[in-house]
Amino acid sequence: MSYIFNPSPIPTIAVADSDARIPVRRIFCVGRNYAAHAVEMGKNPDRDPPFFFTKPADAVVGNRETIPYPPETQNFHYEAELVVVIGTAGRNIPEEKSLDHVWGYAVGNDLTRRDLQLEAREKGRPWDWGKAFDHSAVIGPAHAIASVGHPSKGSISLSVNGEVKQDANLKELIWSVPEIISILSRSMHLQPGDLIMTGTPAGVGPLNVGDICTVTIEGLGTLTTEIGPGE
Ligand code: MN
């Protein structure tokens, strides 16, 4: 068997305290999963069923990489998020079995072209141009559950140039990690290497060229990103 083109490299994320890497299969993202963020986006904070969008696997960017300011936006935003790494395949997973499918957790930053996302939202169009662009999924080293367990509470915070912009607690998630996995697995046959970005708390805002953005989750370390000039 031969390919017409060389296959693209497999996108990967780092693993804490290891040289091994996790191959990324898909990146699922949960919309509006903290009440205060739903309100700041002009939406209902109630426990409506969760909805999902995706990013391409090759949008993944690691810790301490510089990201070029993306094209076609004047309102480029950060979003601090807990990331779940699926390690065991499953479909129609009952909530009480959900955590058996988790390999570990990481710190994430769901980078967003907010102007394009909101324009799409208002017009009833897909979110891809606002959410699924190049370098849009910043994800730090994954921590195995053997070392960090299943974090259901603990601080999640984000700073830009040292100024705190988001400061919340994982226990404020509207939909918990077990619930998200169970619901997602009704629609998708989850596979090892699937990642789930679980939603961002209130306080989203802009990033500009030269900014240093750090996301910290208790027990999972800090994810640092610098914004460079556009390509
Ligand atoms: Mn998000």
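**View 1. Helix H2 and its buried residues.** In helix H2, which spans residues 114–123, the buried residues are Arg114, Leu116, Gln117 and Ala120. Looking down the axis of H2, these buried residues fall within an arc of 165°, so they line one face of the helix. An α-helix has 3.6 residues a turn, so residues three or four places apart point the same way. The model shown here and in the other views is predicted.

**View 2. What covers helix H2, and what follows it.** Several elements cover the buried residues of H2, including strand E7 (76–77) and strand E10 (112–113). Helix H3 (128–131) is also part of this cover. Just after H2 comes Gly124, with a positive phi of about 70°.

**View 3. The manganese site.** Three residues coordinate the manganese ion: Glu79 (OE), Glu81 (OE) and Asp110 (OD). Glu79 and Glu81 are both buried.

**View 4. Cys29 and Cys213.** The count of disulfides in this model is 0, with a pair of cysteine sulfur atoms required to lie within 2.5 Å. Cys29 is in no disulfide. Its nearest cysteine sulfur belongs to Cys213, 16 Å away. Cys213 is likewise in no disulfide, and the sulfur of Cys29 is the nearest cysteine sulfur to it. Cys29 is buried, at a relative accessible area of 0%. Cys213 also counts as buried, at 1% relative accessibility.

Notes
Residues are numbered from 1 along each chain as its sequence is written. This is a predicted model: local features need pLDDT of at least 70, side-chain atom pairs count only at pLDDT 80 or more; totals for chains, interfaces and linings use all residues. Side-chain values use heavy atoms; hydrogens and water are left out. Donors are N, O and S atoms within 2.8 Å of the metal (3.2 Å for Na, K and Ca); water is not among the atoms, so sites may look incomplete. Buried means under 20% relative accessible area, exposed over 50%, partly exposed in between (1.4 Å probe, protein chains only). Helices (H or I, at least four residues) and strands (E, at least two) are DSSP runs, numbered from the N terminus. The arc is that of the directions from the helix axis to the C-beta atoms. Contact means heavy atoms within 4.5 Å.
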